[in-house]
Amino acid sequence: MEDDFNEVVKFHGHTCPGIAIGYRVAKYVKNHYNRAEDEEMVAIVENSSCSVDAIQQLLGCTFGKGNFIFKDHGKHVYTFYSRDHDKALRIYFRNVLPRTDPAATKRYLAGEMSFEERERFMKLREEAIDYILSAPDEEILEVREVEIPAPAKARIYPSIECQECGEAFMEVRGRTAGGKIVCEECYQKFVT
Ligand SMILES: [Zn+2]
Ligand SMILES: [Zn+2]
């Protein structure tokens, strides 16, 4: 096992097929996407599975920095946009379907499997992880350059005090309710 995979697993908390998928995608980008030190790369991920932790840990595209965008499409598609080159690389992780069994995973997670079933499930899972980590790029990754609009930059807005709870919040997220300017949390209490 490569050192950087161990680092990713440490960050994520466990070894699983998802983190292995993210690792292969991130590793490919690291090896094929020549970028300058100060160049900003934005990751656009189309799922919120285990895999995205590898993207954040290995590539430094993180939720907190704002160069990590989540689109809830439920697909193993990862796009990496370079601001300097105005180019994007789209990676689709394929060959994932034949190796996953959603029904079995559900039963496993619900603790409904017998000991033997569980053993078998874990063995298949291990095999899937091994496959993902060792398969040649062209077998698992469908890569192409795409044209996409430049993702919006993360912005910092001034804060104001909520007239209901007194807590500070970002002014642009302000709502009005009961004649007051309130935070989203208080607004939800007003309307429900
Ligand atoms: Zn996981
Ligand atoms: Zn409030």
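Of the 192 residues of the protein chain, 24% count as buried, a residue being buried if 20 or more other C-beta atoms lie within 10 Å of its own, exposed if 12 or fewer, and partly exposed in between, with C-beta atoms placed from the backbone. The model is predicted: local features need pLDDT of at least 70 and side-chain atom pairs count only at pLDDT 80 or more, whereas totals for chains, interfaces and linings use all residues. Residues are numbered from 1 along each chain as its sequence is written, while chains are lettered from A and ligands numbered from 1 in the order in which they are written.

The protein chain contains 7 helices and 9 strands; helices (H or I, at least four residues) and strands (E, at least two) are DSSP runs, numbered from the N terminus. The radius of gyration of the protein chain is 21 Å, well over the 16 Å that the globule rule gives for 192 residues, so the chain is more spread out than a compact globule. Here the radius of gyration is taken over C-alpha atoms, and the globule rule is 2.2 Å times the number of residues to the power 0.38. Along the principal axes, the C-alpha atoms of the protein chain fill a box of roughly 60 × 50 × 30 Å. Among contacts between residues at least 6 apart in sequence, 62% join residues at least 24 apart, two residues being in contact if their C-beta atoms, placed from the backbone, lie within 7 Å.

The largest nonpolar core has 29 residues, and those with the most contacts inside it are Val25, Ala26, Ala43, Ile55 and Leu59. A nonpolar core is a set of buried Ala, Val, Leu, Ile, Met, Phe, Trp, Tyr and Cys residues joined through C-beta atoms within 7 Å. At least two residues of this core are supplied by each of helix 2 (17–32), strand 1 (41–45), helix 3 (51–59), strand 3 (77–82) and strand 4 (87–93). Helix 2 gives the most, with 7 residues. A second, separate core of 6 residues includes Cys162, Phe169, Val182 and Cys183.

The axes of helix 2 and helix 3 come within 6 Å and cross at roughly 35°; axes are lines fitted to C-alpha atoms, for helices over the stretch in contact, and angles run from 0 to 180 degrees between N-to-C directions. Helix 2 passes helix 3 in a right-handed crossing, a crossing being left-handed if the near helix is turned anticlockwise from the far one by less than a right angle, and right-handed if clockwise. Residues making the contact include Gly18, Gly22, Val25 and Ala26 of helix 2 and Ser51, Ala54, Ile55 and Leu58 of helix 3. Leaving aside its neighbours within four places in sequence, Ala26 is in contact with Ala54, Ile55, Leu58 and Leu59.

Asp86 is placed in the loop between strand 3 and strand 4. The phi of Asp86 is near 50°, a positive value in a residue other than glycine, and Asp86 is exposed, with 11 other C-beta atoms within 10 Å. Asp101 is found in the loop between strand 4 and helix 4 and counts as partly exposed, with 15 C-beta neighbours inside 10 Å. The C-alpha atoms of Asp101 and Leu59, 42 residues apart in sequence, are 29 Å apart in space.

Of the 8 residues of helix 4 (residues 102–109), the number buried is 0, so this helix lies largely in the open. Just after helix 4, Gly111 takes a positive phi of about 70°. In helix 5 (residues 115–134) lies Glu126, which counts as exposed with 12 C-beta neighbours inside 10 Å. Leu124 also has its place in helix 5 and is partly exposed, with 15 other C-beta atoms within 10 Å. Leu124 and Asp101 are 23 residues apart in sequence and 9.9 Å apart in space, C-alpha to C-alpha. Between the C-alpha atoms of Glu126 and Tyr187, 61 residues apart along the chain, the separation is 47 Å.

An unreviewed UniProt entry places the feature "domain: Zinc finger DksA/TraR C4-type" at residues 155–189; UniProt positions are given in the numbering used here, feature names are shortened, and annotations may be inferred rather than shown by experiment. Over residues 155–189 the chain is 17% helix and 34% strand, and the end C-alpha atoms are 27 Å apart. Glu171 lies in the loop between strand 7 (168–170) and strand 8 (175–177) and is exposed, with 11 other C-beta atoms within 10 Å. Not counting residues up to four places away in sequence, Glu171 touches Tyr157, Pro158, Ser159 and Ile160.
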